[in-house]
Amino acid sequence: TMTVTLPHSTFSRLFILSQTSSAHNATQFESIAAMGSSQEHSDAVILGFLPGPMAGQAILDIMTGSHNPSAKLPITYPLHEDAAGSPYMHAVSDQCTEDTGGPLPHYNYIQCGVQWPFGHGLSYTEFKYHDLQVTPDQIHHEWQKDDGKIDVSVTVTNTGSIAGHETVMAFSFDDHRSTTPEYKRLRGFEKVFLEPAESKDVVISIPVSDLRFVGPHDDSHYIYESLTFKIGIGAGTDCRVAPIDGSVQPCSGPISLTVDNDYVGACESACSIWNESGCMKMMGLDSKSCRKQCTSIHDDESLQMNNDGWGYNYVQCLENVVWSNNFRADTSQCWKMTTFCRNIMITPGMDELGHGNTPGAFADFGGGGGVAAIVVLVMALIAGALSTFAIITALRGGFSKKLTRFQTAEFTRVATEAYEDQVVL
């Protein structure tokens with residue numbers, strides 16, 4: 001580290017923090033303590049990380065103003081030398097405490113402090129954001145369809161006297177959902193170059209599918225859910241807290257995402273894999289009937305709360321079968337989906353725990369299903385009898401082929417000759 005004083009520079013006092021070796025990844029974080037009061041009395045800090053052999057020239061260009069810096073931090077720089085800190089997309093429930101000095105419990109919950117936030121970066125000029133618009137502000141997810149995108153547009157103006165680049169970043173702030181949301185999440189960014197006093201309209205497109213998140217019942221699949229969120233522009237923007245100085249932040253109004261009342265994430269995943277396999281038609285299914293069979297289990301109030309239709313265990317089994325190298329997307333491979341995995345054609349109304357409607361073949365013995373049940377029962381009895389006969393016969397040696405006396409003698413003679421040959425050698 002080193003401190004440089006530049007009387008004629010925009011940043012007259014620079015503090016250069018760099019790492020020359022990757023032997024210890026925490027070096028740059030631990031250097032915060034070494035900075036001491038130098039950081040407090042510096043106008044800017046150059047963070048070099050591992051700058052390489054041309055670092056001297058690059059830093060010189062920044063210091064002398066021949067290059068206007070535009071980099072943004074790809075991490076959250078911690079305030080304390082614990083080499084961890086709090087990442088920018090931490091859970092909204094992650095908080096720190098401060099001592100109030102008053103009666104018990106004499107502390108308050110506050111947002112954890114950081115040295116510099118994710119996306120922070122200085123420039124020799126300044127940029128302002130205005131006219132933020134988000135379209136559409138109401139999105140509805142349709143079953144197994146491409147929901148398109150959200151367009152975030154904002155006007156960026158270079159209010160300084162020097163040309164420069166600015167990285168425009170769009171963050172989302174989820175209001176609520178079934179799993180704890182992140183405090184904020186980067187959704188897209190664009191980098192633009194602006195001359196002094198120049199303005200440009202920047203559009204950042206966010207696929208609606210990016211708004212999915214890992215659901216509460218499975219940690220390996222993304223789901224949709226009805227929720228409300230806001231879009232904020234800039235690393236320092238916090239759409240959850242109003243600025244103390246009363247300034248207006250570049251934050252959008254509430255944006256809503258809705259799903260159908262019968263939406264079940266596991267059902268959409270399962271039916272998507274069936275459709276991908278090319279076996280739907282052969283099994284007498286289509287997207288509509290597949291959805292109805294699976295989601296009807298979710299609506300069964302007699303089952304456990306928040307069941308997931310056929311369940312994620314079934315989804316994972318289908319994925320292992322269909323996504324394996326040995327599976328071909330043709331009808332010759334469809335038997336694997338009902339043999340290696342649960343056969344939903346026989347138990348369409350049961351959840352992954354075996355609860356739900358009894359299969360039609362066993363529903364009753366009085367109607368049409370009774371005939372099928374009798375046939376199944378007879379076949380089961382026959383199979384059981386054959387299995388019992390086979391086991392008893394095998395135990396008694398009935399399936400062993402007895403050797404004749406000649407065969408036994410012949411075998412003994414060959415073995416003896418082989419032994420004699422070994423002795424002679």
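Six disulfides are present in this structure, which is a predicted model. A disulfide is a covalent bond between the sulfur atoms of two cysteines. When the bonded cysteines of the protein chain are numbered in sequence order, they pair as 1-2, 3-4, 5-9, 6-8, 7-11 and 10-12.

**The link of Cys96 and Cys112**

- Cys96 belongs to strand E5 (residues 96-99) and Cys112 to the loop between strand E6 (107-110) and strand E7 (114-116), so the pair ties together parts 16 residues apart in sequence.
- Cys96 counts as partly exposed, at 30% relative accessibility, and Cys112 also counts as partly exposed, at 26%.

**The link of Cys267 and Cys294**

- The sulfur atoms of Cys267 and Cys294 lie 2.0 Å apart and form a disulfide.
- The link of Cys267 and Cys294 is left-handed, with -80 degrees about the S-S bond.
- Because Cys267 lies in helix H4 (residues 265-277) and Cys294 in helix H5 (residues 287-298), the pair ties together parts that are 27 residues apart in sequence.
- Cys267 and Cys294 are both buried.

**The link of Cys279 and Cys334**

- A disulfide is formed by Cys279 and Cys334, with their sulfur atoms 2.0 Å apart.
- This link of Cys279 and Cys334 is left-handed, at -90 degrees about the S-S bond.
- Distant parts of the chain, 55 residues apart, are linked by this pair: Cys279 is in the loop between H4 and H5, and Cys334 is in the loop between helix H6 (312-322) and helix H7 (335-339).
- Cys279 and Cys334 are both buried.

Definitions and conventions
Residues numbered from 1 in each chain as written. Predicted model: local features only at pLDDT ≥ 70, side-chain atom pairs only at ≥ 80, totals over all residues. Heavy atoms only, no water. Disulfide = S-S within 2.5 Å. Helix = DSSP H or I, 4+ residues; strand = E, 2+ residues; numbered from the N terminus. Buried < 20%, exposed > 50% of the residue type's maximum accessible area, 1.4 Å probe, protein only.
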